[in-house]
Amino acid sequence: METQTNSPEKKKGHKQTGPQTEPENLKGTFAAVLIVGGIILLSWFGVFGLFLERA
C-alpha cells in the first residue's frame, strides 16, 4: 500500500530549479583526499630514493 507524503516537490506551484539550496559539508572528504595524496607522494619519493640509491 502506498502512502502519500506532503513533500515540497508535490505542492502546487512549487518549482525546484538548480542544485540544492543548502551546500554540503565536504571538509572530511577534502581531508581524506589530502591524507591519501600525502601517502601516495611519500611512497613515490621513497621508491624513487631507493632507485637512486641502487643506481
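Ground rules next. This is a predicted model, where local features need pLDDT of at least 70, side-chain atom pairs count only at pLDDT 80 or more, and totals for chains, interfaces and linings use all residues. Residues are numbered from 1 along each chain as its sequence is written, and side-chain values use heavy atoms, with hydrogens and water left out.

Now the fold. The protein chain has one helix and zero strands. Both are DSSP runs, numbered from the N terminus: helices are H or I with at least four residues, strands are E with at least two. The helix, α1, covers residues 27–54.

On to burial. Buried means under 20% relative accessible area, exposed over 50%, partly exposed in between, with a 1.4 Å probe and protein chains only. Of the 55 residues in the protein chain, 2% count as buried. In α1 the number buried is zero, so the helix lies largely in the open.

UniProt, in an unreviewed entry, lists residues 30–52 as "transmembrane region". Such annotations may be inferred rather than shown by experiment; positions follow the numbering used here, and feature names are shortened. In the model, that stretch is 100% helix and 0% strand, with its end C-alpha atoms 33 Å apart.

Now the aromatics. Rings of Phe, Tyr and Trp (its six-membered ring) pair if their centres lie within 6.5 Å; planes under 30 degrees apart are stacked, over 60 edge-to-face, the rest tilted. That rule gives three aromatic pairs. One of them is W44 with F48, stacked, 5.3 Å centre to centre and 15° between the planes. Both residues lie in α1, four residues apart, about one turn of the helix. F48 is partly exposed, at 36% relative accessible area. Ring pairs link W44, F45, F48 and F51 into a cluster.

Last, S43. This residue is also in α1. S43 is partly exposed, at 42%. A polar atom of its side chain lies 2.8 Å from the backbone oxygen of I40.

Note on methods
Polar contact = N/O pair within 3.5 Å; in protein donor to acceptor, adjacent residues only side chain to side chain.
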